[in-house]
Each structure stands twice: as structure tokens, then as C-alpha cells.
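Here's a quick tour for anyone meeting this structure for the first time. Take a look at the picture, then read on.

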Amino acid sequence: MVTRLLVLEDDDGLRSSLRMVLEDDGYEVAEAASAEDGLTALGRHGVDLMLVDLMLGGMDGFSFIQRARPQTEAPIVVISARDGVQDIVAALEAGADDYVTKPFVVDEIKARLRALLRRPSMGSSDTRGPEDALVLDSVAGPLVFDQGAGTLTRGSAEIHLTHTEFRLLGVLAENAGRVLSRSSLLEHVWDRGFFGDERIVDVHVRRLRKKLELEPSAPSTLITVRGLGYRLDVR
Amino acid sequence: MTGVRRKRGLRSAVTLAFALGALALSASLALGTYFSARHFLVEQRERTATRQAFADGALVRDSLLTSGAQVSDVLGSISAPAGSFIYVRRHGTWYASSLDGPGPELTTEVQAAVEDGSAGVGWTDATSPHAVVVGIPIPAVDAEYYEVAVADELDRTLRTLAVALGICAALTTIAGAGLGRTASRRVLAPLRDVTSAAVRVSGGDVTTRLKDTDDPDLAALVGAFNNMVDAVHDRIERDARFAADVSHELRTPVTTLTTSLSLLQRATDLSPRSTRAVQLMTDELTRFRRALEDLVALGRLDAGVPEVRPSVLGARDLVSQALQATDRPAALLSYEPARSSDPMIVVERPQMVRALANLFMNADIHGGGLTGVRVVDGGDYVDIQVEDCGPGVPPEERSRIFERFARAGGEKLGTGSGLGLSIVEQTVRNHHGDVWCTERGGGGAAFVVRLPTTTHATGVAP
């Protein structure tokens, strides 16, 4: 199956050079020069991953991410010349999965794509049957995480997770009860080395909490361990 | 006085001026007081002496008239006041009230007036202290009467007065000097504030401002100073913004270039010359991109905004991560003292890993290769020593190499951006640490990163 990418970038040169390089690697690439075009392309084809520039003419990248996120679980990688703390956090909060700042080398983009396109916890889903579904929280209604089926449900309602959120929860669930440092989460979920930005983890944990926890500001399942990292408590 | 005279400071000058002013004022007052008091006292003394002489003279005249007695008898019968001598001349003969007193030559001063038939008053300094001489002609008995009164008390009074006034003048002078010193301190106090503020500004703290004042004399200075610092601050910010804008504008084109060039690199149908040209472009573009990345990183570090939340971790752990991140053997790490726990530090991990990676790369490019990284626990601090086996850095270059785009010893442009060590310095400084270059025992250079340790192993940062 061909992986479909969307490159949303208003600089013609960068957009077409990226397209050529990624097509050489076997991806199917759709281009969009504006957020409006991007949303149209997204609705028409459906894509597996998006590369999104933040500064665009017309609607900006932040708004695009906010609108695209409810439509798709596909990973969004921000490619931007903006690298201020607020910009990056805002993009992640809006729903982006990772970011790469310009100037980047193509290999870096490819590495991000490969990491985010890995199927969620493929290795363990083979050994786990659907009956291995993990009950994360039995106190406040049964919160069930089924890696094999790729679902998270509270009672009968399914909670939608993006691919990246799903993989993050998967890694935490496999190590339930153990503290995972931000850097090890970065490595396992994002394939980021030691230079990686730990805010990516923090923002994703926040996003995950909004979906998992009944009271995200006082988490009882996804716990912050001060100075060390995060821990998933099953109860 | 010969020799080199040092230029007097403003404070000493003001103090001296006050002291001299006080001296002049008090001295003239003292002198004025002294002389008018003296004049008054002398006049009073003369009057007293004259009155006494007239009384005594009348007594002598009456005695001589009534009994026709001899002068010597008369003088023997009246007693001269204490400290006074009486002389009478009659028919050219001198008679004195006291045999052991000084002679009648004391009266020379007034003799002329008396011989002319009028009374005379004068002073003689033949005695000590001076004496008032009063001469009275007594024509009724054809005699001249003289009385010499030693002004003992007057002299003592004047001496006491002089001493008292002298002391007063001295005290006033000292008080004047003290006043000058205090006044100059008060006047110079704002100047001291300005000085310390200026020192802070020149040390790089452009947020320094002088406190507003409602003193109209100082408001102009404070305003001008603060405006100047504002202008400097604006200028620095404008320069920084310009650099940031330039590097920002270059980001997308450089990315397009590298992306396009990666397509060319993979092309198989290029001639050897073209392949070589593509290789040259790739190398140069790599350097360009690194310089741009470093400029951007340095801009962020300069802004001092923390990029990530600081975390607490061990120094050895940090070094291991940096070695691993740059694909170097973990065996390069050694530590002192050998048996000890890992000293804990609070760091923005990615930044510090990058700083150490820069030092490793520096050792490879300029120092003939990284030979080891030593972590030395110093208690309150920990030293991370990055060592190489190169030619070392000459002492005079050791601080210069941390400057932006500085290159040691006229070295040619290497593969680095010229900003690597500046990034290290700025990163370490943002962590309240210090970095310097020294020599490694046995040749080569050692770059030492000193970071403060935390006493709490965990729980400082979330």
C-alpha cells in the first residue's frame, strides 16, 4: 500500500524539492500552497501524514492543524522557520505530532516520517490477543485499552486517539507501574535521540490526559513523577 | 614643596576649600574681636590709672602745701597702690616712692607734656608687663607728679583672650573641613550611584536604570543616563533582531538548496566533473547550514529564554548521553574520585548535550581527536574536562577562542561554523557555570566546563 503524504508549504521551491525527494523514496505526495488547499486535499484523498509549514498566506498553519485534527488521526509534522517556545508548544497543543525546524536536511524529515508512520506497537499486537485488553481504570467506569484492536473505550463509548497518542499510551501501558523518563519516551515513541525536545512528550501527555482522565488537572491514571518522568497507574 | 603633586580629588578639593573658608572667616572674626577688646581694655586701664594718679597727685600737692614738708616725707607717708610706682620731680630732683623699683626714666614718654604744663598719659615697655605712665604738673608746689602702673592684669586678660580666640578659630576650621567633607559626600552620592550603574552597564547588564528622583538638580542627569542606557539597549536589541531576521530569512532557501542538492547527489548520470561540483556544493552548503543553525541557536541562547524545562541528572550520565549521541565510545568517560556517586546537576539536557557535542567536535577538528572526558566532583561544583591530544591552545588565545567567529592562531576556516565554542560558553553561562580552556597534562588542550551541583538528587525540577 502506498503511503500518501501532504506537503503544505507556501514556498514553491521547497515544496517541489520536498515532493521530488519524497517521491524518490516511494511516497505518494500531494502538494498544497495554502491551508485552504490543504484542507481540500485532505477531504478529497485522505492522507497518512502531513508536513505543515506554520507561516502561510491566508489561514496559518496553526489554524490548519486545528481544523485538520478532528478529520484525521494521521500524524502531522510541523516544518517551520519559527522555533520560538510558544510557537512550538502552540503547534503541538493544536494537534501536531512532531516538528522540524528549518534549515533541516531531508534525512531528518525522512527519519521523522518513518518514526511516526510505524504501525502502533506492531510487535506486541501479534503476541497479544484481543482478550489481552488492558483495563486502565476500573474505578471511574471501565477504561479499556485494547492495543490489538487499536481502541480505547470508556464503557461503550470509544475514545479517539491519534496514531501518536495511541503509540505513547501503548508504551506507557506496556510499562504500567514503572516510571518512564521523558527521554526514553522520546526515543521509543518518536525515535528522537538525545537532542530531542522533551516538550513534545509533555504536550502529548497533556493531550492524552484530556482524553483519559475524568479530571485532567488532577490525573489519577497518567501520573507525573517529579524530576523523573511519567508513569501509568492501572487501578 | 618640590616633588610630584598628585591631582586632588573633588572631595578633597571641596573639603580643603571649606576648611580654608572657615579658617579665613574665623581668623578675621577672632582678630577683630581681639583688637577691639584690646582697644577697649587699654583705654579703660588708662582711665583707671589717670584717675588714680590724679587722686594721688592731689594728695601729694595738699601734703606739700599744708605742712611745707619735704617730698620724700610725703612719699613715705602715702602708700602707692600695688604694682605702681610714684615719682615726683621738684626743683630738678627726682623722688621715688620705692627704692627698689625702676628709675624715673620710665616717665620719659610723658615728661615733655608735663614740662609744657599739661597732664600726659603714655605707655612704657621698660617694665614687664607694660606699664601706664601718667604725668601731672603741680605748679602750686612747683613739682611734677608721675605715677607708673604696671598693667599686669591687662596683659593676662589679653593673653587669655588671644588663646581662647585661637582655639575657637582652630575649632571652626576643623568644623569647616568636616562640613565640607559631609557636603561633598552628599553632593557626590548620586555620582556614586551613576558610577556603579555605569559599571553594571559596561558589564553587559543593560537593564540597569537609575532610580527616578524628584530632586530637580539630579533629574536631568538621571534622565539623560537612563535615556542613554535605553538607547544602548535598543541598539543592541535592534542588532540582535537584525541578525535573527537575516538568519530567519535564510532558513527556507537553505532548506530548499539542501533538499534539491540531495536529489542531485543521488543522480547516477552525472559526469565525473559534475559529481565533483555537486560534492563541493554539498560540503559548502553543509557548512553554511551549520553556521545558520548555530547562529539561530546562539540567538536563542542570547535571549536567555529556557527552551526546555531543566531536569536533574548526573554529570556522568550527561556525558554518557553526549558520547552516545555523537557515536563515541562510552569508555572515553572517566571520573574522580573513583568511588563516588554521580554528582547531580540541573540542566536543560538537550542544550547541554549539544554544548558537550560541540566540545567533542572541537577536539576532533582542532585538537587531533578527543582523548577522554573526565568528570571531577568538586563538592559544590562538578568539572567536566574535555581533553584532546592536539597542539594545545596558546595562553594568549585561550579566552579569545570563545569569541564569535574567532579562530586560533590564524588557522584556516575549518569545517566548523566558528560559533561552536560561543554556543558552549553561552549555554554554560545560562546554567550559572563557567567554561575555560587550559592545557592537558602531557600535551593537548583541555576544555573545562564547571557547573554547580545540586544537593537535592531529585525533586528540584518537575
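Before we get to the sheet, one term: two strands count as paired if DSSP finds at least two bridges between them. Keep in mind, too, that this is a predicted model.

With that in hand, look at chain B. Five of its strands make an open sheet, running in the order β7-β9-β10-β12-β11, and the pairing is mixed. At the edges sit β7 (333-336) and β11 (434-439) of chain B, each of which pairs on one side only. From one strand to the next, the twist averages 20 degrees.

Let's zoom in on one pair. Strand β9 (residues 370-377) and strand β10 (residues 381-388) of chain B run antiparallel and are joined by seven bridges. For a landmark, find B:Gly372, which stands opposite B:Glu387 in β10(B). A helix also packs on this sheet: α7 (residues 315-325) of chain B touches β7, β9 and β10 of chain B, and its direction makes about 160 degrees with that of β9(B).

Now for a pair of helices in chain B. Helix α4 (residues 152-202) and helix α5 (residues 216-266) of chain B pack with their axes 12 Å apart, at an angle of about 0 degrees. Angles under 35 degrees count as roughly parallel, so α4(B) is roughly parallel to α5(B). Who meets whom? On the α4(B) side you'll find B:Pro190, B:Val194, B:Ala197, B:Ala198 and B:Val201, and they meet B:Leu218, B:Leu221, B:Phe225 and B:Val229 in α5(B). The residues of this contact between α4(B) and α5(B) are nine nonpolar, with no polar and no charged ones.

How do the two chains come together? In this model, 35 residues of chain B are in contact with 33 residues of chain A. The area buried between chain B and chain A is about 2,900 Å², and carbon and sulfur atoms give 58% of that. The count of salt bridges between the two chains is two. One of them links A:Asp25 with B:Arg266, where the closest N and O atoms are 3.1 Å apart.

| Spot | Backbone value | Loop |
|---|---|---|
| A:Lys102 to A:Pro103 | cis peptide bond, omega near 0 degrees | A:Pro103 is between β5 (98-101) and α5 (106-117) of chain A |
| B:His91 | phi near 55 degrees | B:His91 is between β1 (84-90) and β2 (93-96) of chain B |

The phi of B:His91 is a positive value in a residue other than glycine.

Technical notes. Residues are numbered from 1 along each chain as its sequence is written. Chains are lettered from A and ligands numbered from 1 in the order in which they are written. This is a predicted model: local features need pLDDT of at least 70, side-chain atom pairs count only at pLDDT 80 or more; totals for chains, interfaces and linings use all residues. Side-chain values use heavy atoms; hydrogens and water are left out. Axes are lines fitted to C-alpha atoms, for helices over the stretch in contact, and angles run from 0 to 180 degrees between N-to-C directions. Helices (H or I, at least four residues) and strands (E, at least two) are DSSP runs, numbered from the N terminus. Angles under 35 degrees count as roughly parallel, over 145 as roughly antiparallel, 65 to 115 as roughly perpendicular and the rest as oblique. Contact means heavy atoms within 4.5 Å. Ala, Val, Leu, Ile, Met, Phe, Trp, Tyr, Cys and Pro count as nonpolar, Asp, Glu, Lys and Arg as charged, and the others, Gly among them, as polar. Buried area is the accessible area (1.4 Å probe) that two parts lose on being put together, summed over both. A salt bridge is a side-chain nitrogen of Lys or Arg within 4 Å of a carboxyl oxygen of Asp or Glu.
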